[in-house]
Amino acid sequence: MLSQVNLDVKGVVDSDIISTVEFNCSGELLATGDKGGRVVIFQREQESKNRLLSRGEYNVYSTFQSHEPEFDYLKSLEIEEKINKIRWLPQQNAAHFLLSANDKTIKLWKISERDKRAEGYNLKDEDGRLRDQFRITTLRVPVLMPMDLMVEASPRRIFANAHTYHINSISVNSDYETYLSADDLRINLWHLEITDRSFNIVDIKPANMEELTEVITAAECHPHQCNVFVYSSSKGTIRLCDMRAAALCDRHSKFFEEPEDPSSRSFFSEIISSISDVKFSHSGRYMMTRDYLSVKVWDLNMENRPVETYQVHEYLRSKLCSLYENDCIFDKFECCWNGSDSAIMTGSYNNFFRMFDRNTRRDITLEASRENSKPRAMLKPRKVCTGGKRKKDEISVDSLDFNKKILHTAWHPKENVIAVAATNNLYIFQDKIN
């Protein structure tokens, strides 16, 4: 069971809607990006490591404007400031680094602390004004004085002008020197120190755009092998590529696809088979994909079908027509692994999110909601009634609110602490504390 800590971002303005959530490698920091181009970083309370009762409490550590709205004058297109993805780099020193991306530009940010300031300059006063050089008669040695803790976010690199289409993925490589960025038709490989050029490693753009049949929906680097990456497509297929084979990875090394059951084919089959997210397991042995109705776990050694399939909200299959009409069928749900790869989590509608235990094959539906949950309260499992007589604690499939959706979730890399973004609210849930 889980108890919750609710971090409520005030107001229901469109720019406040959370668009990405990501823990850093230690789990001590949690970053969120929103449609207004802001990045908010939460830090775990230091004293909470020793006080079990406050384990999992995160407070605001730093807030900064990562991207601003821009205008492409050549194409007469507005480039919105919405943060599409955030990825942390492993910590090498006292500072933290993260990559943030909107539709066109990726930025490398340094987040550092400052609790001392220099005083006693020779050429300027304490308020910063230059001193008259002719009145300087003694030489002073500046000293560092303590000050209130300041957290500074500064852009160290800006990677721009490499994507014609909207960026949907960024992924840091296991060599920690390079990363890849993917848009609808191309994947580029960048060096973290070089901003003026990148290598195009996948290009699926046809000579004639009328012949376009699929687009790239997500891409990720292998957690241990820096030459391997995967990308998923709107046709429900996943391609694994090896950069040792060729500079341009248009020819994949492995091709993962589940054969479609002809008896279940419908007008919506191609739409709901589109993969919205792909994630390698921490071990690197498996990968997980999320399509509209299900989550699938693939063994990298078996391409013809997934080894596990979990139905997220199968009760919506009968509602696909209305979901198509209100555009919800195109929602892009993400998925994530827990630290030991034994459980997976993904979102649904009505602020529900689903968790699946891979060992016991048990699953649970929980709700992230301000109405029925207070801080430190126990979360009750929710059930959806598809027909017949509805039980007391069940909710009818016809009563689901499709405007309340959980698209973005993250799992602490080492503990059972999860972060769930529900529109403009961020919920942090943790294991029950006895």
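**View 1. The hairpin of β17 and β18 in the predicted model.** Strands β17 and β18 form a hairpin with four residues between them, and Gly236 in the turn has a positive phi of about 85°. Strands here are DSSP runs (E, at least two residues), numbered from the N terminus, and two strands pair if DSSP finds at least two bridges between them. β17 is joined to β18 (residues 238-242) by five bridges, and the two run antiparallel; Ser232 has Ile238 in β18 as its bridge partner. This is a predicted model in which local features need pLDDT of at least 70 and side-chain atom pairs count only at pLDDT 80 or more, while totals for chains, interfaces and linings use all residues. Residues are numbered from 1 along each chain as its sequence is written, and side-chain values use heavy atoms, with hydrogens and water left out.

**View 2. Strand β17 and its pairing with β16.** Strand β16 (residues 216-221) is joined to β17 by five antiparallel bridges, with six residues between the two strands of this hairpin. Cys221 stands opposite Phe229 in β17. Six of the six residues of β17 (residues 228-233) are buried (under 20% relative accessible area, 1.4 Å probe, protein chains only). Both faces are covered, with Val228, Val230 and Ser232 on one side and Phe229, Tyr231 and Ser233 on the other.

**View 3. The open sheet β24-β25-β26-β27.** Four strands form this open sheet in the order given, with antiparallel pairing. β24 (335-337) and β27 (363-367) are the edge strands, each pairing on one side only. Three bridges join β24 to the antiparallel strand β25 (residues 343-347), where Ile344 is the bridge partner of Trp337.

Notes:
Buried < 20%, exposed > 50% of the residue type's maximum accessible area, 1.4 Å probe, protein only.
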